[in-house]
Amino acid sequence: MPRLKNQYFGNSITVLRWKLTESWQELLGHCMAKRMKIDSGSLPKTDKRRCEMLAERLLLSECFMSPSAVLEHDPHGAPRIALHDDVHVSISHTRGMVLIALSEHEPMGIDVECISERVVKLREKFVNDNETAELSLVDATDLTLVWTAKEAMYKLAGVPGASLRDDFTIRSMVLTKASDTLSLWGLSTAAGERHDVQILSTIDRREAIVTTLAVYAHTTAERLGWGYSFCHEEDDASQ
């Protein structure tokens, strides 16, 4: 099974990753082998969503060492883990990739997106005038960085209906000493509350994917010394 190595951010945040190469039937078989209770009739309608949901179950069962670790959603759609209300969680999917960020200490937001020209067409929906004036946004990669940063900030804020364009602003993007890793500073004004946000983005140019993690600036960002390394990975992962 192509579960990728976990990524760690300081001692606080863990990101579980799964690269989807299996069919949903194969993933369901792995779940059954771990004695998970899954009603196949209740699975999502599309094969894509079935694969994502089953990969989430497998990741959580391994992380919590329990087949009963299940993602739920509150009335606004925000994720939470059944029987683990003390754990902050953020999830994201893109083509062939599932990510789950977990922390017992602080909220965070994570987003992963494929780099494509689609974001160029959507630019007016999420890039505001300040960003147009202050940032050099010249291609789909630059815009995908901003898109994922704002999606991660939205999940961090947890304010339903907040505007990516008006409630979240990217103030700077700086390439770090780590190759293809950028440190971004953002401002969240969702629900009338101002928060500085520290954001890390990494570009996987082979897969054409951007992965972004956002936290409030007074928390993990200060402890990590972000801007010098994106994260570290565990030595082994289940295959």
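## T141 and its surroundings

In this predicted model, T141 makes contact (heavy atoms within 4.5 Å) with I115, I203 and R205, its neighbours within four places in sequence being left aside. T141 belongs to helix α6; helices (H or I, at least four residues) and strands (E, at least two) are DSSP runs numbered from the N terminus. With a relative accessible area of 18%, T141 is buried, a term that means under 20% relative accessible area, whereas exposed means over 50% and partly exposed lies in between (1.4 Å probe, protein chains only).

The model is a predicted one, in which local features need pLDDT of at least 70 and side-chain atom pairs count only at pLDDT 80 or more, while totals for chains, interfaces and linings use all residues. Residues are numbered from 1 along each chain as its sequence is written, and side-chain values use heavy atoms, with hydrogens and water left out.

## The five-stranded sheet

An open, antiparallel sheet is formed by five strands in the order β7-β11-β10-β9-β8. Its edge strands, each pairing on one side only, are β7 (109–114) and β8 (168–175). On average, neighbouring strands of this sheet are turned by 20 degrees against each other, direction ignored. Helix α6 (residues 140–157) packs on the sheet and touches β7, β8, β9, β10 (195–204) and β11 (209–216). The direction of α6 makes about 150 degrees with that of β7; axes are lines fitted to C-alpha atoms, for helices over the stretch in contact, and angles run from 0 to 180 degrees between N-to-C directions.

Two strands count as paired if DSSP finds at least two bridges between them. β7 and β11 are joined by six bridges in the antiparallel sense, and C114 stands opposite I209 in β11. β8 runs antiparallel to β9 (residues 181–188), with seven bridges between them; here T169 stands opposite L187 in β9. Six of the six residues of β7 are buried. G109, D111 and E113 point one way from this strand, and I110, V112 and C114 point the other way.

## The largest pocket

The largest pocket holds about 490 Å³ of space. On a 1 Å grid over the protein atoms alone, a pocket is an open set of points with protein on both sides within 12 Å along at least five of seven lines, where a 1.4 Å probe fits; lining residues have an atom within 4 Å of a point. Grid points are joined across faces, edges and corners, and the volume is the space filled by probe spheres set on the points.

The lining has 21 residues, of which A78, P79, V89, K155 and G158 are the closest to the centre of the pocket. Two or more residues each come from β4 (79–81), β5 (88–94) and α6. β5 gives the most, with four residues.

## A69 in its loop

A69 lies in the loop between α2 (47–64) and β3 (71–73) and is buried, with a relative accessible area of 2%. Not counting residues up to four places away in sequence, A69 touches R57, L60, S61 and F64. L58 is eleven residues from A69 in sequence, and their C-alpha atoms are 9.0 Å apart.

## The protein as a whole

The protein has seven helices and twelve strands. Of its 239 residues, 49% are buried. Among contacts with a separation of 6 or more, 50% are between residues 24 or more positions apart.
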